[in-house]
Amino acid sequence: MTDERLRALMVSTRLDPYCPGGRRFVGVVDANALLSCVGNDCRKGTYWRSGLLRMTDRGIATLYASDHVYWEVYEHLEKIARWSKVPVDVLRARFEANYLPVLRFVAVDTADVVDPQVLAITDPDDVPTGQLAKLVGPCVVFSEDRHLRKPGLAPEDWRAITGFAV
C-alpha cells in the first residue's frame with residue numbers, strides 16, 4: 001500500500017464520529033506540555049513544529065485545554081525563557097501564532113467532581129484538566145504532571161504518543 005493510499009484511508013477512518021472534520025482523536029493539553037513544545041520549537045528553529053502541532057496539521061487530533069492553562073502558559077513563559085535561552089518575546093509570539101489557533105479552551109466546573117480518577121488528583125491546579133479529560137473522553141491527556149499520570153489520566157510518555165499519532 002502506498003503512503004498516499006494509507007493517508008487517504010487514515011483520514012477516512014474516524015475513531016470518534018463526533019470529532020469535527022474527520023479527526024481521529026481528542027487530546028487534552030496541560031500547560032507543561034505546551035510550554036515544553038513552545039520552548040523546543042523555538043530552540044529548533046523557525047520551521048520546526050512539535051508533535052502536537054503536526055497532529056493538528058494532519059487532521060489527526062483536536063486539542064482542548066482547560067481555560068486556566070491559557071493563563072498558566074503566560075505565567076510560566078518567563079521561566080522557560082531562562083532555561084531555554086530563548087527570549088520571552090519569541091516564546092510568546094510562537095505560542096500565539098502557532099498554538100492558540102489550534103487549541104480550544106474550555107471553562108470547566110470542578111465544584112461537583114464525582115469521578116474517582118479526578119478525585120485522586122492531589123494538585124488543585126490539575127483538577128480542571130482531569131475533569132475536562134473525563135468530560136470529553138475518550139481522549140489522550142498530554143501532560144508531564146505526575147498528578148495527572150498517577151491516577152492514570154495521562155500516559156507516562158506523552159511525547160511518544162504524539163510521535164505515534166503523527
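What share of the 166 residues in the protein chain is buried? Work through this and the exercises below on a predicted model.

**Exercise 1. Find the buried share of the protein chain, then describe its surface.**

Step 1. Apply the cut-off: a residue is buried when its relative accessible area is under 20%.
Step 2. Buried residues make up 45% of the 166 residues.
Step 3. The chain exposes about 9200 Å². Carbon and sulfur atoms supply 54% of that area.

**Exercise 2. Decide how covered helix 7 is.**

Step 1. Locate the helix. Helix 7 spans residues 127-136.
Step 2. List its buried residues. They are Val127, Pro128, Thr129, Gly130, Gln131, Leu132 and Ala133.
Step 3. Compare with the length. Seven of the 10 residues are buried, so helix 7 is mostly covered.

**Exercise 3. Is Thr129 buried or exposed, and which residues does Thr129 touch?**

Step 1. Thr129 lies in helix 7.
Step 2. Check the area. Thr129 has a relative accessible area of 0%. The cut-off for buried is under 20%, so Thr129 is buried.
Step 3. Find the neighbours, leaving out residues up to four places away in sequence. Thr129 touches Val28, Asp30, Ser66, His68, Val69, Val141 and Leu148.
Step 4. Take one of these partners, Leu148. Thr129 and Leu148 are 19 residues apart along the chain. Their C-alpha atoms are separated by 8.3 Å.

**Exercise 4. Describe the largest pocket and its lining.**

Step 1. Start with the volume. The largest pocket has about 360 Å³.
Step 2. Find the residues around the centre. The pocket is lined by 19 residues, and the closest to its centre are Ala31, Asn32, Leu35, Glu72 and His76.
Step 3. Trace the lining to its elements. Helix 2 (31-44), helix 4 (67-84) and helix 8 (146-149) each give two or more residues. Helix 4 gives the largest share, seven residues.
Step 4. Sort the lining by class. There are four nonpolar, five polar and 10 charged residues.

Note on methods. Residues are numbered from 1 along each chain as its sequence is written. This is a predicted model: local features need pLDDT of at least 70, side-chain atom pairs count only at pLDDT 80 or more; totals for chains, interfaces and linings use all residues. Side-chain values use heavy atoms; hydrogens and water are left out. On a 1 Å grid over the protein atoms alone, a cavity is a set of points where a 1.4 Å probe fits but cannot get out, and a pocket is an open set with protein on both sides within 12 Å along at least five of seven lines; lining residues have an atom within 4 Å of a point. Grid points are joined across faces, edges and corners, and a volume is the space filled by probe spheres set on the points. Helices (H or I, at least four residues) and strands (E, at least two) are DSSP runs, numbered from the N terminus. Ala, Val, Leu, Ile, Met, Phe, Trp, Tyr, Cys and Pro count as nonpolar, Asp, Glu, Lys and Arg as charged, and the others, Gly among them, as polar. Buried means under 20% relative accessible area, exposed over 50%, partly exposed in between (1.4 Å probe, protein chains only). Contact means heavy atoms within 4.5 Å. Accessible areas come from the Shrake-Rupley method with a 1.4 Å probe; for residues, only the protein chains shown count as cover.
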